[in-house]
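Reader: I would like to go through the terms used for this structure. Please set each one against its definition.

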Amino acid sequence: MTDCLDEDIALKKIGLELMFMTEDKYSSPDGITAVELAKVLEMDLNTVKKKLKILQENSLVRVIGINPKYWKFDEYNFQRMDTENEIYRLITCFDDVDFDRFFDY
């Protein structure tokens, strides 16, 4: 079994949800709000906001607007991220990820 970092489960869930979210799942073409994301993931809104801030500080998500803020995964910055970055390693540790959640077969 691959050794993943001490996992921040909430951060990983939010990062993966945004990474695999397609534009047809957004209520707005600009992205998804923190409130909508909290509902989808059944998580506390304050936790979602804190984790989005961490992802934004690491340039993995972009925010559009002020009220409401719309969040989108930044594929460009993700592909250029240092593979030793702990956030990158957390999100790309797929050992326990159920991909059926993100894809329709």
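Author: This is a predicted model.

Reader: What makes a residue part of the lining of the second largest pocket, and which residues are in it?

Author: A lining residue has an atom within 4 Å of a pocket point. The residues that meet this are Thr33, Ala34, Val35, Lys49, Lys53, Gln56, Lys69 and Trp71. H2 and H3 are the elements that give two or more residues. The volume of this pocket is about 150 Å³.

Reader: How many residues of each class does the lining have?

Author: Three are nonpolar, two polar and three charged. Lys counts as charged, and Lys49, Lys53 and Lys69 are in the lining.

Reader: Why are H2 and H3 called roughly perpendicular?

Author: The axes of H2 (residues 34-41) and H3 (residues 45-57) cross at roughly 115°. Angles from 65 to 115 degrees count as roughly perpendicular, and H2 and H3 are therefore given that name. Their axes come within 9 Å, and the crossing is right-handed.

Reader: How do you know that H2 and H3 meet, and which residues do so?

Author: Contact means heavy atoms within 4.5 Å. On the H2 side are Ala34, Val35, Leu37 and Ala38, which meet Leu45, Val48, Lys49 and Leu52 of H3. By class, this contact has seven nonpolar residues, no polar ones and one charged residue.

Conventions: Residues numbered from 1 in each chain as written. Predicted model: local features only at pLDDT ≥ 70, side-chain atom pairs only at ≥ 80, totals over all residues. Heavy atoms only, no water. Axes fitted to C-alpha atoms, helices over the stretch in contact; angles between N-to-C directions. Helix = DSSP H or I, 4+ residues; strand = E, 2+ residues; numbered from the N terminus. Parallel < 35°, antiparallel > 145°, perpendicular 65-115°, else oblique. Left-handed = near helix turned anticlockwise from the far one by under 90°. 1 Å grid on protein atoms, 1.4 Å probe; cavity = no way out; pocket = protein on both sides within 12 Å on 5 of 7 lines; lining within 4 Å. Points joined across faces, edges and corners; volume = space filled by probe spheres on them.
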